[in-house]
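Open the model in your viewer and keep the selection tool at hand. Each stop below says what to pick and what is there.

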Amino acid sequence: MILEKKNREALAAQAHIWNQIINFINSMSLKCAIQLGIPDIIHSHGRPMTLSDLVDALPINNNNAKAQDCVYRLMRILIHAGFFIQEDEGYLLTPTSRLLLKDEPMSMIPLLQLQLDPIMMNPWHYLSKWLQNGDSSTPFVTAHGKPLYEYAEKEPKFSGLFNEAMASDSQLVASVMTEHCKGVFEGLKSLMDVGGGNGTLAKAFADAFPQINFTVFDLPHVIEECDEGIKNLTYVGGDMFKSNDDHYFWKTKKSTRLDKTLL
Ligand SMILES: C[S@@+](CC[C@H](N)C(=O)[O-])C[C@H]1O[C@@H](n2cnc3c(N)ncnc32)[C@H](O)[C@@H]1O
């Protein structure tokens with residue numbers, strides 16, 4: 001059967017819309033795989049893992065006759081998305097899923113947990129409402145009634161999740177910069193990381209460049225959770241947008257003009 005151009009285009013357009021509508025299945029399947037510890041289970045198996053071995057090892061109700069079928073489908077999605085490969089003998093990790101192992105120093109699990117948490121996903125449901133409101137806040141405010149960092153201040157669990165996620169994302173940058181961008185630090189005596197979170201980046205730099213004094217400046221509730229311990233690294237809590245002559249940040253960087261959009 002030869003389809004007319006008009007029909008071919010309509011079918012392709014329909015398939016495209018389907019793909020866009022169900023795009024979230026990839027990220028939700030990945031979240032499920034991390035919650036069940038699939039990358040770690042396959043990694044500890046030490047060789048390609050069959051579907052039935054995987055189902056047996058998973059912390060799920062595998063008495064359910066559908067479990068094997070569901071895990072098979074979950075793995076098909078994740079293989080298609082590049083997280084695993086399947087050989088005759090079973091499933092194996094890819095370089096991407098290696099970055100999702102719990103003990104991998106550059107593990108991206110915390111970032112995934114933050115970005116796919118309902119607290120961070122809810123604002124997306126309010127995007128059009130926020131645009132309709134026309135206010136200058138963010139969709140996060142429309143969804144939760146307060147800005148992200150105020151919310152984090154009141155919710156220590158979320159704050160911990162946020163700071164861990166930021167830190168996990170900094171690990172790779174820290175290692176590349178300390179190894180390949182040494183020239184950037186030449187001649188510096190001091191350096192301040194404004195909005196430096198729990199200091200992961202500054203700690204890596206302070207270790208690599210002991211001749212430079214580093215300061216991490218962040219909101220007081222973030223700094224309270226940081227432990228000192230490195231000689232050439234200091235933590236200072238404050239609000240960079242509150243101009244105050246006595247304020248450490250403004251004393252140090254009076255001429256710095258900061259724009260909230262940078263955050
Ligand atoms: C996107 S995070 C980046 C964290 C860190 N630089 C990193 O890359 O891992 C932004 C940081 O800015 C901090 N922050 C937000 N508003 C701030 C303010 N008014 N004064 C100081 N720090 C602020 C937050 O607490 C958060 O740690």
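Is L30 buried or exposed? Select L30 and show a surface. L30 is buried, because its relative accessible area of 14% falls under the 20% cut-off. Keep in mind that this is a predicted model.

**Stop 1: around L30**

Stay on L30 and colour its helix. L30 sits in α2, which covers residues 24–36. Now show its neighbours. Leaving aside residues up to four places away in sequence, L30 touches L78, F83, L100 and L112. L30 and L201 are 171 residues apart along the chain, and their C-alpha atoms are separated by 27 Å.

**Stop 2: the cysteines**

How many disulfides does the structure hold? It holds 0. Pick C32 to see one case. C32 is in no disulfide, and the nearest cysteine sulfur belongs to C70, 9.7 Å away. C32 counts as partly exposed because its relative accessibility, 27%, lies between the 20% and 50% cut-offs. Then jump to C181. With a relative accessible area of 26%, C181 is also partly exposed.

**Stop 3: a nonpolar patch**

Select I17, W18, I21, I22, F24, I25 and M28. Together they form a nonpolar patch on the surface, with about 660 Å² of accessible area. Which elements give two or more residues to the patch? They are α1 (5–21) and α2. I17, for one, is found in helix α1.

**Stop 4: aromatic rings**

Show the side chains of the aromatic residues. The count comes to 8 aromatic pairs. Zoom in on F185 and F209. A pair of aromatic rings is described by the distance of the centres and the angle of the planes. For F185 and F209, the centres are 4.2 Å apart and the planes make an angle of 20°. This pair counts as stacked because its angle is under 30 degrees.

Now trace the chain on either side.

**Last stop: a ring cluster**

Finish by selecting F140, Y149, Y151, F158 and F162. Ring pairs link these residues into a cluster.

Technical notes
Residues numbered from 1 in each chain as written. Predicted model: local features only at pLDDT ≥ 70, side-chain atom pairs only at ≥ 80, totals over all residues. Heavy atoms only, no water. Helix = DSSP H or I, 4+ residues; strand = E, 2+ residues; numbered from the N terminus. Buried < 20%, exposed > 50% of the residue type's maximum accessible area, 1.4 Å probe, protein only. Contact = heavy atoms within 4.5 Å. Disulfide = S-S within 2.5 Å. Patch = residues over 30% accessible without salt bridge, like charges linked within 9 Å, V, L, I, M, F, W, Y side chains within 5 Å. Areas by Shrake-Rupley, 256 points an atom, 1.4 Å probe, with all protein chains shown as cover. Salt bridge = Lys/Arg side-chain N within 4 Å of Asp/Glu carboxyl O. Phe/Tyr/Trp six-rings, centres within 6.5 Å; stacked < 30°, edge-to-face > 60°.
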